[in-house]
Amino acid sequence: MSGRVRDHDGRETAVEVERDAPSGGDETVRTVLPAVAPSVAAARRFVAAALRRHEALPEMIDTACLLTSELVTNALVHAGSRVELAVSTLGHRIRVEVGDSSQATAQPRAIGAEAVAGRGLHIVEAMSSRWGTNVAGTGKRVWFELDGVMT
């Protein structure tokens, strides 16, 4: 099913909804965002709306939005391509995937104490239950999962 979702500010985002198990409540929602800076905020709104639908804990929504910002920013900075965003609810955990056109593996890099950039994947690693990257076809997907998200 496809449609548009309007957030609390009245902004609309195109969405496609897939139900993996209609009776179990597991669901994946997807959207594609252009390679522009405002896509980071749009991604946060999309993730927050998806998790609110499933009555996720507010602090987990905040964490998911922060980690999504880091991954979408990385995709825009390093790949410069449109971003494919997917949010899956899987029982009491969630998985967020960010796809881009680069096949370079995402990995935390060594940074100095004075560095003003380069901490994104360190943050994802520290705050997620698990994370990883899958390279396939013409790009990659970087993902994270959070356990204990739903009430």
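A residue is called buried when its relative accessible area is under 20%. By that cut-off, 43% of the 151 residues of this protein count as buried. The model is a predicted one.

**Overall build**

The protein has three helices and seven strands, and their order along the sequence is β-β-β-α-α-β-β-α-β-β. Among contacts with a separation of 6 or more, 56% join residues 24 or more positions apart. The protein exposes about 8000 Å², and carbon and sulfur atoms supply 52% of that area.

| Element | Residues |
|---|---|
| Helix α2 | residues 58-79 |
| Helix α3 | residues 120-127 |
| Strand β6 | residues 130-136 |
| Strand β7 | residues 139-146 |

**T68 in helix α2**

T68 is part of helix α2. Its relative accessibility is 0%, so T68 counts as buried, given that the cut-off is under 20%. Leaving aside residues up to four places away in sequence, T68 touches A43, V47, L85, V96 and F144. The T68 side chain also reaches the backbone oxygen of A64, at 2.7 Å.

**Helix α3**

Which residues of helix α3 are buried? They are G120, L121 and V124. Viewed down the axis of α3, these buried residues fall within an arc of 90 degrees, so they line one face of the helix. As background, an α-helix has 3.6 residues a turn, so residues three or four places apart point the same way. The buried residues of α3 pack against helix α2 and against strands β6 and β7.

Definitions and conventions. Residues are numbered from 1 along each chain as its sequence is written. This is a predicted model: local features need pLDDT of at least 70, side-chain atom pairs count only at pLDDT 80 or more; totals for chains, interfaces and linings use all residues. Side-chain values use heavy atoms; hydrogens and water are left out. Helices (H or I, at least four residues) and strands (E, at least two) are DSSP runs, numbered from the N terminus. Buried means under 20% relative accessible area, exposed over 50%, partly exposed in between (1.4 Å probe, protein chains only). Contact means heavy atoms within 4.5 Å. Accessible areas come from the Shrake-Rupley method with a 1.4 Å probe; for residues, only the protein chains shown count as cover. A polar contact is a pair of N or O atoms within 3.5 Å; within protein, one must be able to donate a hydrogen and the other to accept it, and residues adjacent in sequence count only if both atoms are side-chain atoms. The arc is that of the directions from the helix axis to the C-beta atoms.
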